[in-house]
Amino acid sequence: MADFDVVGIGNLNYDIIMLIERFPEFHEKVNAEEAFFGLGGAAANTISWLAHFGLRTGYIGAVGRDEIGEAHLSYFRRIGVDTGGIRVVDAPSGVAIAMIRGEDKRIVKYPGANLLKDLDFNYLSRARHVHLSSNPRETIVDVVNFANSRGITVSLDIGEAELPPEVERKVDYLMMNEDEYRRKFGSFDLSLSGAKNLVVTLNGGGALVRDASGNVHEIRGLSAEVVDSTGAGDSFDAGVIYGILNGWRLDDAARLGMLLAYLTVQKVGARSAVMPLEDVIAAAGEVGLNLPFGRN
């Protein structure tokens, strides 16, 4: 039996988020209406949800020998994420600064220690499933090939990374948004992706999923007043991963992902909405989602 249900691989950042009425002009200072300071990193946000849901989780990444690095390690240990795959290095921890005005978001990132993470394949071999987000092409290729050779399933939030077709075909669950898909394949034909299962979130809400049998389902979005979309995609990924690891159909897993994204966008900060599974089950009932909790 694997030691971990899921191991995440990705960045560990400190997020500074400011909600503003307008963006500053050249050499101008403006006051933020609201600000949020907290831990972030795409795959780390996803793992935070899964740890709260009771899954056995681990992480591969890197932090600096600074207060931010200590905060990441302390938080993960507190929620039950194994930190044995996280390097502590002589470089500043990563930072992401976002200015948000309505739907317009502008982000500056300093990767810092994130560039120094090492792939520990002995650590990876202890996983049942691996989730990657915000990783360079070389890391994705090495992890997908290793996992495929060991019978470990992989979910990949690919972003703008380019993958050889032979590697993409080994990805069990490929996740991206509509714009990323159009840029990568030149159209919105879901059959163009060679991944075993495909999940594409749609502009304006909702998602399309194509399972390994070629069945395509449209998932309707949930209407919410968007306060901050930071981390919504990471929350969506968490719902999909929880569902598939519990034997749900891909469309039901994507509906759970939609619910977690819906909860996330109503708060400021990527992890502000993270909650235990029983609270998510209650939230599903409140919005009329019939999901197979406890029926796997």
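Of the 296 residues in the chain, 54% are buried, where buried means under 20% relative accessible area, exposed means over 50%, and partly exposed lies in between (1.4 Å probe, protein chains only). The model is predicted, and local features need pLDDT of at least 70, side-chain atom pairs count only at pLDDT 80 or more, and totals for chains, interfaces and linings use all residues. Residues are numbered from 1 along each chain as its sequence is written, and side-chain values use heavy atoms, with hydrogens and water left out.

The secondary structure consists of nine helices and 13 strands; helices (H or I, at least four residues) and strands (E, at least two) are DSSP runs, numbered from the N terminus. The radius of gyration of the chain is 18 Å, close to the 19 Å given by the globule rule for 296 residues, so the chain is as compact as a globular protein of that length. Here the radius of gyration is taken over C-alpha atoms, and the globule rule is 2.2 Å times the number of residues to the power 0.38. Along the principal axes, the C-alpha atoms fill a box of roughly 55 × 45 × 40 Å.

Contact is defined as heavy atoms within 4.5 Å. Of the contacts in the chain with a separation of 6 or more, 64% are accounted for by residues 24 or more positions apart. The accessible surface of the chain comes to about 13,500 Å², and 47% of this surface belongs to carbon and sulfur atoms. Accessible areas come from the Shrake-Rupley method with a 1.4 Å probe; for residues, only the protein chains shown count as cover. The chain carries 29 positive and 40 negative side chains, and the centres of the two sets lie 4 Å apart. In this count Lys and Arg are positive and Asp and Glu are negative, while His and the chain ends are not counted. The place of a charge is taken as NZ of Lys, CZ of Arg, CG of Asp or CD of Glu.

An unreviewed UniProt entry places the feature "domain: Carbohydrate kinase PfkB" at residues 5-273. UniProt positions are given in the numbering used here, feature names are shortened, and annotations may be inferred rather than shown by experiment. The span of residues 5-273 is 31% helix and 30% strand, and its end C-alpha atoms lie 22 Å apart.

Helix α1 (residues 42-52) has 10 of its 11 residues buried, so it is largely enclosed by the rest of the structure. Among the buried residues of α1 are Ile47, Trp49, Leu50 and Ala51. After α1 comes Gly54, whose phi is positive, near 95°. Val81 belongs to strand β5 (residues 81-89) and is buried, at 3% relative accessibility. Val81 and Ala51 are 30 residues apart along the chain, and their C-alpha atoms are separated by 6.4 Å.

His72, in helix α2 (residues 67-79), is buried with a relative accessible area of 2%. Apart from neighbours within four places in sequence, His72 is in contact with Leu12, Asn13, Tyr14, Leu39, Gly40 and Val63.

Most residues other than glycine have a negative phi. His27, which is not a glycine, has a positive phi of about 65°. His27 sits in the loop between β2 (13-19) and β3 (34-40) and is exposed, with a relative accessible area of 74%. Ser134 is likewise not a glycine and has a positive phi of about 60°. The loop between β8 (127-133) and α4 (137-150) holds Ser134, which is partly exposed at 36% relative accessibility.

Asn148 lies in helix α4 and is partly exposed, with a relative accessible area of 36%. Not counting residues up to four places away in sequence, Asn148 touches Lys170 and Lys196. The C-alpha atoms of Asn148 and Lys170 are separated by 6.5 Å, with the two residues 22 residues apart along the chain.

Leu119, in the loop between β7 (104-110) and α3 (121-124), is partly exposed at 23% relative accessibility. Residues up to four places away aside, Leu119 touches Ile9, Ile60, Thr139, Asp142 and Val143. Leu119 and Leu277 are 158 residues apart in sequence and 30 Å apart in space, C-alpha to C-alpha.
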